[in-house]
Each structure stands twice: as structure tokens, then as C-alpha cells.
Amino acid sequence: MKSNSRIQILRRKAAESQGWRCFYCHYPMWEIDPKNFSTRFRVPGRAVLRFRCTAEHLEARCDGGRDAEENVVASCLYCNKNRHKRKRPKDAASYANFVRSRLEQGRWHPFRLKHRPG
């Protein structure tokens, strides 16, 4: 099986087991239809891109992490990118604590998602 299709399968499996919520911030994510997500949660314009579902390796591949079910979770693009843009990324547990503390302060995502009923 190609590595790309393997990671897609792992990402989808993780997302389904997480209820399509980001491993770090617990916000909902989308996989296929950004327009529907944007309408449903009232996310304006290109901001919807930050909620795209990505595969996140708990132990990075560059550190020896494998494409394995126990090492891959689903995270929104925003959380995934922010974890890895540092020179020394935090380990997954420390990063999750960091994100949740920022959320409590209202200093992570620039707006709260509002679910449109129906």
C-alpha cells in the first residue's frame, strides 16, 4: 500500500474515533466539503481552511515516528502547523496542554465556532 493512501486511512480512522474533533483544540474539522462546514459553523472566507482535518504524528517521522495507528491522530490544520513551526516542537502531550490553556484564555482560534441548527 502506498504511504500516502496509508496515511489517509489512518487520518480518517483517527478522525472518526475522535468524533471529527481536533486532538488538540477539540474544535470540529472537515475533510471534504469546506463550503458546508463554513455554512454550518459560520466560518468566514478562507478561515475555514484552518479547520481542515490533517494527520498528526504524535512522534514526528523525523524523530523516528511511524505511520502507525497508535502514532497518528487527527488534528486541524491550524494546530498541526503551529506545533511544527517551532525550532523545537513540543511533544504531543505538552502541546495539547498549551493549546487548551490558550483556549481557556480565548487566545487560540481567532473566533468561536457557532453551530447553525438544522
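Q: How many disulfides does the count come to?

A: The count comes to zero disulfides, a disulfide being a pair of cysteine sulfur atoms within 2.5 Å. This is a predicted model, in which local features need pLDDT of at least 70 and side-chain atom pairs count only at pLDDT 80 or more, while totals for chains, interfaces and linings use all residues. Residues are numbered from 1 along each chain as its sequence is written, and side-chain values use heavy atoms, with hydrogens and water left out.

Q: Is cysteine 22 buried or exposed?

A: Cysteine 22 counts as buried, because its relative accessibility is 1%. Buried means under 20% relative accessible area, exposed means over 50%, and partly exposed is in between, with a 1.4 Å probe and protein chains only.

Q: Helices now. At what angle do α3 and α4 pack?

A: About 120°, with the axes 11 Å apart; α3 covers residues 77–84 and α4 residues 92–104. Helices (H or I, at least four residues) are DSSP runs, numbered from the N terminus. Axes are lines fitted to C-alpha atoms, for helices over the stretch in contact, and angles run from 0 to 180 degrees between N-to-C directions.

Q: Which residues make the contact?

A: Cys79, Asn82 and Arg83 of α3, with Ala92, Tyr95 and Val99 of α4. Contact means heavy atoms within 4.5 Å.

Q: What else is in α3, say asparagine 80? What does asparagine 80 touch outside its sequence neighbours?

A: Asparagine 80 is found in helix α3. Leaving aside neighbours within four places in sequence, asparagine 80 is in contact with Thr54, Ala55, Glu56 and Ser75. At 12% relative accessibility, asparagine 80 counts as buried.

Q: And serine 101, where does that lie?

A: In helix α4. Serine 101 is partly exposed, with a relative accessible area of 31%.

Q: How far is serine 101 from cysteine 25, in sequence and in space?

A: They are 76 residues apart in sequence and 9.8 Å apart in space, C-alpha to C-alpha.

Technical notes. Helix = DSSP H or I, 4+ residues; strand = E, 2+ residues; numbered from the N terminus.
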